[in-house]
Amino acid sequence: MRKYFQFDELGTNYRTEIIAGLTTFLSMAYILFVNPFTLSLGAVKDFPDELRIDQGAVFVATALAAAYGSILMGVLARYPIALAPGMGLNAFFAFTVVLHMGIPWQTALAGVFVSGIIFTILSLTGIREKIIDAIPVELKYAVSAGIGLFITFIGLQNAGIIVNNDATLVGLSDLKDGNTLLAIFGLFITVVLMVKKVNGGVFYGMVITAVVGMIFGLIEVPKQIVGAIPDISPTFGVAIEHLPDILSLKMLGVVLTFFIVDFFDATGTLLAVANQAGLLKNNKLPRAGKALLVDATAVMVGAVFGTSTTTSYIESSAGVAAGGRSGFSAVVTGILFLLALFFSPLLSVITAPVTAPALIIVGVLMASSIGEIDWKKFEVAVPAFFTLITMPLSYSIATGIAVGFIFYPITMILKGRGKDVHPLLYVLFVVFICYFVFLRE
């Protein structure tokens, strides 16, 4: 096993890799509880219960999808990169597709599955890399940062910090509610942990917030910590059963958005973590085909289990910082996700005030890519800014992407740089024009 994972060549050992795998797990373990709460629209009190996805089933689906993706990434591609259902895409799934567009979660899962099929085909044929090269880097950064702003906005709403205001659309609450104060406390604690660079700061912040909530009677104390694995049958295989439901113009836009967002997110994460680990050779990713294939198939497998898009996690960088260099650390992370299946009773303490700080902080991390955009070039600043601002204001990742991809060719042509725009961007220009004309109600 040492030889297979190239321990000697990479200058690592079992102890280092196990610690790295544990570090990565703790850094991303929050997704086990945030994902079920988000997909079930737990913070939306007036949403009909019969239309909600089952939280227990999503908890199991989240753990299994993370275990599958992480273990396969470690064994097949041999990279210290873990996977799990992605933040941002779960928000798009819940708040845009299900809540705003009124599409049943069963159909949304089918859309995730189809986006995974497209992802897999493009990974097998090598077209994926060509498409990545065609998208201007400014729009890639804008999409990531825009999702960060959107997630933060959702977190502030869930915390009760930002509320509806009939005069100004949104406004600051009076901040006197106990749950809002708990969320603010959780945000403060999480910020402290992150500033101090505590590995797993987001996860530990959730734990501390939940404990304080129980102490002050804001959260019900769970009757047990370890329990039986929840029933996954409410979500398992539903994506396959509802494949015929995606044959609509509305779902075409949904599938396209799932695909585009994961396309940028997964590839960027793979390159960033591999570069941090010193695994890039001549600025290229060895075994890139295997890594991309694992990432793509994880989307399909996760959808079959019953969760939104599974993708590579930037939190893997915490494990790399702890010394992880081989795929063995990703395998360790995957095994820990399987063990986490027995801790489902803790779902009852994961309320909106507990998850809100995690959403806000993840949004901060994603918004950091704003600094990579060249704001001095007005022809790229306009589409980038419109992408950023439209996502939270329209409450839709899809709309933000569409606006940005429509304005980019226009501003580039007006600048006299139309030839610098890849032909694919003109195709997407037409696609997103059709999205606004035909796909939105």
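The numbered points below comment on the packing, aromatic contacts, cavity and selected residues of a predicted model.

1. Basis of the values. Because the model is predicted, local features need pLDDT of at least 70 and side-chain atom pairs count only at pLDDT 80 or more, whereas totals for chains, interfaces and linings use all residues. Residues are numbered from 1 along each chain as its sequence is written, and side-chain values use heavy atoms, with hydrogens and water left out.

2. In soluble globular proteins, nonpolar side chains tend to be buried together.

3. Aromatic pairs. The whole structure contains 19 aromatic pairs. Rings of Phe, Tyr and Trp (its six-membered ring) pair if their centres lie within 6.5 Å; planes under 30 degrees apart count as stacked, over 60 as edge-to-face and the rest as tilted. Phe25 and Phe337 form an edge-to-face pair, because their ring centres are 5.0 Å apart and their planes stand at 80°. This pair links distant parts of the chain, 312 residues apart: Phe25 belongs to helix 2 (residues 14-28) and Phe337 to helix 15 (residues 327-339). Helices (H or I, at least four residues) and strands (E, at least two) are DSSP runs, numbered from the N terminus. Both Phe25 and Phe337 are buried.

4. Aromatic cluster and charges over rings. One aromatic cluster is formed by Tyr4, Phe5, Phe7, Tyr14 and Phe328. The ring of Tyr4 also has the charged end of Arg78 over it, 5.3 Å from its centre. A charge sits over a ring if NZ of Lys or CZ of Arg is within 6 Å of the ring centre and within 35 degrees of the ring normal. Likewise, the charged end of Arg287 sits over the ring of Tyr79, 4.8 Å from the ring centre.

5. Cavity. The structure holds one cavity of 30 Å³ or more, and the largest cavity has a volume of about 30 Å³. A cavity is a set of points on a 1 Å grid over the protein atoms alone where a 1.4 Å probe fits but cannot get out; lining residues have an atom within 4 Å of a point. Grid points are joined across faces, edges and corners, and the volume is the space filled by probe spheres set on the points.

6. Cavity lining. The largest cavity is lined by Thr38, Met87, Asn90, Ala91, Phe95, Ile151, Ile154 and Leu359. Helix 5 (89-100) and helix 8 (137-158) each supply at least two lining residues, and helix 5 gives the most, with three. By class, the lining has six nonpolar, two polar and no charged residues. In this scheme Ala, Val, Leu, Ile, Met, Phe, Trp, Tyr, Cys and Pro count as nonpolar, Asp, Glu, Lys and Arg as charged, and the others, Gly among them, as polar.

7. Positive phi values. Most residues other than glycine have a negative phi. Leu41, although not a glycine, has a positive phi of about 55°. Leu41 lies in the loop between helix 3 (31-39) and helix 4 (55-77) and is buried, with a relative accessible area of 2%. Lys197 also has a positive phi, near 60°. Lys197 is placed in the loop between helix 9 and helix 10 and counts as exposed, at 72% relative accessibility.

8. Further residues. Asn199 is in the loop between helix 9 (178-195) and helix 10 (201-215) and counts as partly exposed, because its relative accessibility is 41%. Thr310 lies in strand 4 (residues 310-312) and is buried, with a relative accessible area of 0%.

Key. Buried means under 20% relative accessible area, exposed over 50%, partly exposed in between (1.4 Å probe, protein chains only). On a 1 Å grid over the protein atoms alone, a cavity is a set of points where a 1.4 Å probe fits but cannot get out, and a pocket is an open set with protein on both sides within 12 Å along at least five of seven lines; lining residues have an atom within 4 Å of a point.
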